Structures are given as structure tokens and as C-alpha cells.
Amino acid sequence: MATDVKQLIEQMTLEEKASLLGGDDFWHTKAVARLGIPRAMMSDGPHGLRKQDEKADHLGVNESIKAVCFPAACATASSFDTELIGKMGEIIGDECQAEELSIVLGPAVNIKRSPLCGRNFEYFSEDPYLAGKMAAAYINGVQSRHVGTSIKHFALNNQETRRMSVSAQVSERAMREIYFPAFEIAVKEAQPKTVMCSYNKINGVYSADNAWLLTDVLRKDWGFEGFVMTDWGAVDDRVQGVRAGLELEMPGNTAVNDQRIVDAVKAGELDEALVDQACERVLRVVYDYLDNRRTGGVFDREADHKHAAAIETECAVLLENNGVLPLRADAKVVYIGEYAARPRFQGGGSSHINATRVTSALQTAQAKGRAVSYVKGFPFDKDEADAMELQKAVEAAKSADAAVIFAGLPDIIESEGYDRRDMKLPACQDALIEAVLAAQPNTVVVLHNGAPVEAPWADRAAAVLELYLGGEGVGEAADQLLYGEVNPSGHLAETFPMKLEDNPSHLNFPGGVKTVDYAEGVFVGYRYYDTKRLPVRWAFGHGLSYTTFAIGNLRLDGELNDENTVTATVDVSNTGARFGKEVVQLYISDRNGTPGRPAKELKGFAKVGLEPGETKAVSFRLSARDLSYYDERLHDWYAPSGSYAVLVGDASDHITAEAELRFATKKVLPLIIGGDTTMAELMADPRTAPVLARLQGMLMQDAAVLQPTEGEGLGAGEDEMNKAMMLYMPLKSIPSFLPVSAEQMEGFYALLRQAVEG
Ligand code: BGC
């Protein structure tokens, strides 16, 4: 039976209630012994458990229990497989039950704004829809085991530099379209038990103090029902936090802040009802776990290690392949680079897991008796060229049938707590890759990294396999993929630009001393590259397979309006000779000339397994929201009536099916009639367009020029030029050019206002 939380709160003193709103230590909520309320324990997350004892810290410095390290979010997002990540969530939920953990601190869903963010490896994507769907699946998986999650970091924590104090200066539109939807989708589809607020400020206000963020958006707009906790040490003004909708301070243990809450209530500055409400929200989550406790579970590390390796095989992305992969079983192969023997499989910081058993590709190859030799080539932990090693690598590559270089970013370059300085691999690795490529055409590059790297050698490599940070089973997964035991099926959840300078945030990352300007607005990732038609190294959504696919025959079952949905269906076929999985992606493109919209935006995806020759139909449901942008005048989602393209393909730069979707809306944008209202605005609004015609009547022949056509260019004769110029003529300027009296203008304003106000 569910514990009566309200009744418990009624029995608590104000001091006890205030104490419940701060943690007991690094990983526990507080107990109230008098009433039998126990502590609840939480742990990082997100891709495995970092359960710590007394020597607690939040940066992954001290050891935690032996646990299983699953692939990080950079990898799991590339699976484009919500079922897979849901299953991973279930396994982690079971591990939490076995370890008596009531909350796992994840998933982390911040948008990969710049390739340089040190913590990108922990985040899913540059695309909010993909990040949201993956997060929701993970949360549903974990929470199906009655263990809570903490989706983080809400919001705008897109860099590590000055993360604890910087103010992200960003438009509401960019927040609603890019930086919020991953949280929004997760709240609406999975109702995470908790949300972790970010360290940083948003437009000058700390997230921990931000009532608009934590209450208006999170609870009122999206319907969040759990509690909000701070990131570790993110509290600012504790009393304002309670008012704003921040329930739990972590790591807490600050009697000072408990006392501040008590004092504020006593002084009449804080409503005690808000304290009660915060306690209720915390205790509901604590008791949801306790009331549904599953005792007797065991953390089966061996079984979960196997799951971790199997999951990684679904995540890795085959970026290039001229046919050298899969490697022939009898081929003489040399593995080069220390990551072959000591893979980089996770990132540094709070998500750092004390892995049970890490397997390398070399060890796996040796265990399987493969004809693989090994040259270290370069070290796993630093950028240190070694001429002897390089020479050995080149010689070994020459005498082998193929060379596989295990490259990647050392921990020191990519971690929580700081950002990368550039987008390059260590120079010693690039030099070695070049030298080996010159000696052996059958050279494969395998990458271990949490975010894009520049790959100037990519066109000359026989194949490139992106493993990301693939968890403790990454070596087994690499072996299976390289030798074709599993067919690669990951697709990129982010763009690899040619060079760092191409990235849209480049001029504003990581910003100034106090602020960072999100000047690129909604043009993040492929939304920018596609709109600019900028060549990229590997596009968002790109991923190859050892078989081939065809996607086509796109059909829509109707037209869309504000209320209904339309189903888009495509056929996807395996046109090659072996089983494989394709990632079908659906994008929407506004074809109405609406200013400031990206060329396309992802609104659906599906991972489909197909036998050779098999065809399956895949359907996606679309609604008005999928066509909409966030209109700041309306404070709501809006799409103009008209035409939209539904684009389907297997990468953002490989669209193979297209159909037109017609849309009609009853929503109208607010229009304020004043001196600066232009002819173009009046023509675009169905309420004022007819009034313009009447004005034309009033002004006789001279006013004919008030009926230009939007989009008409200059140079089509004087009349045409006049019309084009008139388009952006504000009302206040009409009397300067046309014989209109002040009374006529007054009448005209009145008519327009009446038309708008009804
Ligand atoms: C990180 C969080 C993490 C927390 C606890 C913070 O530094 O930003 O993601 O959950 O520490 O370790």
C-alpha cells in the first residue's frame, strides 16, 4: 500500500520539513528518524552505476563499487534504437534495485552545441527530437523497475567552461525549439521522477532560482510531477529556490540553508505551503521506491557485461568503407595504436565507472585465434610522437593484408569539467595515420571519442569505424563489427564538420567572462550546415552497412490541420546480400518562405531489421507541432497554412523520398496596428488583407501601388520597383508619398484595428 505522504508531512515540524529539502551527504536524502522516514540513496549515472561509500565526490575521483560500464550516450544515440536503450535502462534499473539505489542520476540530454564541449560524450545529440526520444526510452526502462531517474542538466549546460556561473544568453525561440524539447519529450512520454537543474544562469538568472524554468515551463507547460534537485553545488539563493520550484539541494548537508528556509517562513517571506509541497514531492519519489522495493535481486556483472558489449555493436557507425570491411577471416592484419590493447571506453568525471572487466579488440582477436599482430604506434593517454613506433607501424602495415589503426581522444583532452581546445585528434595520431595510409591502401581507422574530430585523411582511408565511447565491452564489439559477425547499423547523432571553424557556435564558444551568446539561434548542427549548404565530413544521420538499402514509395494519408494527424508511410528494402538494420529518418521542411527556418528538421526515425530482399513498410505520425516553429509573439507553436515537404532518407544529406504535405491552421499571429506596421504584414494577415483593398478604393488610382506582391523582385520596370518598395512601407510613411489626409489615415487605422480586434 502506498505510504500516506501527506499525513507524514502533517506530523513534521517546520525544522524537519526544511531539513528534508537538502541532502544528508553526497548521495542521500535526509531521514526523519522520529517518523521512521529513511534516507534514500542515489548515484551517477547515466551509463552504469557509480555507487560510492564514505569517500564521496562528484567528479569521479574516488573509487566506487565495481559496476558495468555501458556505452555512453554519444554511442547509444547513434543506435537510433529506442527499444535498445529502453532495455539498457531496464538493466540499469535492476542493478539499482540490487544495490539499493532509489535514483540514478541521468540521462544527460543537453544539446551538443559545439563539438568542443568536454562533456559531449555524455550527451545524446545535436538534435532535440532524437535526444528526447532516447531519453524517454531510457527513463521508461529504468523507472519500470521502480527506480527514479534524474534527467539533467536543466537547462542550457552546453559547455564546461565556467559552467557554474556563466549566463547562457539565448532567445526563447532557440530554447523552445532546440534546448528544451529533449526535456519536454522525456517529461511528456516518461515522467522522470526527478529533474536536475543546471549550474549556469539563463539570461541572467541561475537555473536554481528560475521560477519560469522550474515551474512555468517544466510543470505548467509540460506537466512534470516529480521533484527538482540541484546539480551538485548549483544552489544559489535557497529561499528563492523553494519559491521557484526547486525541491532538493544537493549535496546539501548545509544546516545554514535549512535554517534560512525556517527563518524565511517565520518572517513571512516564504509561504509554508510551498515548503509542504516541496516535501511532498520529495517524499513521493522516496516512497515510490520504498513501497515497491524489490529485494533479493543480484547485480549480475557478467551477464550485464555481455549486454554492454552487445549494445555497442548496435551503436558503432561505419563512416567509410571501400569494401575492405568486413575483414576476411584469413587476412593478415596488424592492429596499430594503444587503444587496440587499452580502449578508451568511457569519459572522465561524474559518470566515471569502476568497470568490472574491460575487453580490448586485441585481446578478443587473440582469444579468437585471429591472424592479428600489434604495434603500439602511439600512447593511449597523451600526444607523444615516437619515431621508432611510427616506423614499426609502417613496416608492419606494409607486410600485412590490412592495417587497423585504433585512434581516439585521450581522457586528458575530453572530460567533464573543461572543454576541448580544438577538434583535432592528437597530432601524433594524425601523423601516424598519414604514414600508414601511404604505406598500406587497406587501412581502416577506428575511432574512440565522445564528439566529432577533424579527419583530414578520411577520403584516403579504406574504411572508418566510429566506436564512440563504447563501454567496457567495446573491444568485443569492435572485433565483431570489423570481421562482420555483426553488421554495423549505427548512424551519426551529430554532424562531423570539415573543420571546427565551420561550426555555427564557433564565434561564440565558450563566450566571455560572464556570458555566452547563443547567437546562432536555432541553427544548431545540421540545421545550420544544411541551410548554409556547407560541405561536411559526415552528415547527421549518416551510417553505412555491409548490405545496401532502398527507401521509397512515400505516401501520406491526407492533409493536416490543427487537430488531426497524418500518417506518412515509406517502404524500406534490403537490396544487398546479408541481414542488416537501416535507420529511416523523416524530416520536415517549410516550403512557405517563412523566414528564419532551418532547411529541414528531424521529426521521426525508425530502426528496421531486414533480411536480404525483404521489404517493410514504416509509418510515422505527424501533427501540427511537427511543422511548427516557436513564435515569440504568440508565445506558442505556430506553422503558417500552406505547403510542407516530408523528406525521408537514411541521412540528412541522403533524402530518397519526398512528398508534399498541405496544412491549414486557424491560429493567427498577433498583429499590433501602429505606425511601424508594414504593407507586407497587412497583406499576410487574413484579417487585414481585405481592408487594404478598401483603402485602395479610398485612394483611387494612386493607391494602386498599395497592392504589390510579396517576393516580386526589382528591375521589372518602374511600376514593379514601386510595388516592391511599397511592400515594406510602414503605415506612418504613407502620407509622405501619397495624397492621404490625416482624417483618411485615422479612418484607415480605425478600420485596421477593428479588423484585427473583431
Ligand atoms: C555533475 C552531475 C552529477 C553530479 C553528481 C555534477 O558535477 O554535473 O551530472 O550527477 O555532479 O556526481
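## Ligand site

An oxygen atom of the ligand lies 2.5 Å from an N or O atom in the side chain of D44. Polar contacts are pairs of N or O atoms within 3.5 Å.

| Residue | Distance from a polar side-chain atom to a ligand oxygen atom |
|---|---|
| E416 | 3.1 Å |

The protein buries 100% of the 310 Å² that the ligand exposes when taken alone (Shrake-Rupley method, 1.4 Å probe). Around the ligand are 15 residues, of which D44, R119, K152, H153 and D231 come nearest (a residue is near if one of its heavy atoms lies within 4 Å). By class, this shell holds five nonpolar, three polar and seven charged residues; Asp, Glu, Lys and Arg count as charged, and Gly is among the polar ones.

The model is predicted: local features need pLDDT of at least 70, side-chain atom pairs count only at pLDDT 80 or more, and totals for chains, interfaces and linings use all residues. Residues are numbered from 1 along each chain as its sequence is written, and side-chain values use heavy atoms, without hydrogens and water.

## Sheet

An open, mixed sheet consists of six strands in the order β10-β16-β15-β14-β11-β13 (strands are DSSP E runs of at least two residues, paired if DSSP finds at least two bridges). β10 (317-321) and β13 (372-375) are at the edges with a single partner strand each, so one side of each has no neighbour in the sheet. Strand β11 (residues 333-336) pairs with β13 in the parallel sense over four bridges; Y335 has Y374 in β13 as its bridge partner.

How values were computed: Polar contact = N/O pair within 3.5 Å; in protein donor to acceptor, adjacent residues only side chain to side chain.
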